Amino acid sequence: MDSPIGEGQGVLAGFCGILATDCSIFPIHFEKWPDLPVTIFNRCYDRFIKEICKRNAEIRKKQIVSHIGSSKPNSRRRAEMMAETGQKPGRGQFYLATHRNEDGSYVNEAAKEICH
């Protein structure tokens with residue numbers, strides 16, 4: 001899987017996802033983005049941040065098995081694990097890395113049941 005990695009990847013992915021579901025957030029009738037008035041940009045950016053927060057809150061409510069993966073994209077975490085070990089992590093290794101605490105205990109009983 002050749003996914004982009006880096007600090008801005010998550011922000012870009014979230015922004016594109018929100019634009020895909022609600023194109024009214026950001027006007028596209030400007031020929032060039034530098035022509036976009038700052039007031040419109042700021043209004044769109046504020047709305048974008050609110051939309052991301054709202055969407056993330058809804059996703060967290062539906063989550064049954066919690067994890068310690070934070071908001072770091074899986075592609076970036078996979079690349080970091082590969083850099084550490086020199087090998088591409090398998091699905092099992094990846095799951096364990098995001099569902100066990102530093103002391104080796106599972107984040108909750110649901111994660112423990114999945115692994116056993």
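R78 lies over the face of F94, 4.8 Å from the ring centre. Such a charge sits over a ring if NZ of Lys or CZ of Arg is within 6 Å of the ring centre and within 35 degrees of the ring normal. The model is predicted: local features need pLDDT of at least 70, side-chain atom pairs count only at pLDDT 80 or more, and totals for chains, interfaces and linings use all residues. Residues are numbered from 1 along each chain as its sequence is written, and side-chain values use heavy atoms, with hydrogens and water left out.

Now the overall plan. The chain has five helices and zero strands. From the N terminus on, the order is α-α-α-α-α. Helices (H or I, at least four residues) and strands (E, at least two) are DSSP runs, numbered from the N terminus. Of the 116 residues in the chain, 21% are buried. Buried means under 20% relative accessible area, exposed over 50%, and partly exposed in between, with a 1.4 Å probe and protein chains only. Contact means heavy atoms within 4.5 Å. Among the contacts with a separation of 6 or more, 47% join residues 24 or more positions apart.

Start with G14, in helix α1. G14 is buried, with a relative accessible area of 7%. Leaving out residues up to four places away in sequence, G14 touches F48, I52 and R55. G14 and I49 are 35 residues apart in sequence, and 9.6 Å apart in space from C-alpha to C-alpha.

Next comes H99, in helix α4. H99 is buried too, at 10% relative accessible area. Which residues does H99 touch, not counting residues up to four places away in sequence? They are V65, S66, H67, I68, S105, Y106, V107 and A111.

E109 and V65 are 44 residues apart in sequence, yet their C-alpha atoms are 8.6 Å apart in space. E109 is in helix α5, residues 109–115. Is E109 buried or exposed? E109 counts as exposed, at 53% relative accessibility.

What about the empty space? Rolling a probe the size of a water molecule over the atoms shows where empty space is left. The search runs on a 1 Å grid over the protein atoms alone. A cavity is a set of points where a 1.4 Å probe fits but cannot get out; a pocket is an open set with protein on both sides within 12 Å along at least five of seven lines. Lining residues have an atom within 4 Å of a point. Grid points are joined across faces, edges and corners, and a volume is the space filled by probe spheres set on the points.

The largest pocket has a volume of about 780 Å³. Its lining has 26 residues, and N56, S70, S71, K72 and P73 lie nearest its centre. The elements giving two or more residues to this lining are α1 (9–21), α2 (38–62), α3 (74–85) and α4 (91–99). The largest share, five residues, comes from α2.

The second largest pocket has a volume of about 280 Å³. It is lined by 14 residues, with R77, E80, M81, E84 and A97 nearest its centre. Here the elements that give two or more residues are α3 and α4. Helix α3 gives the most to this lining, with five residues.
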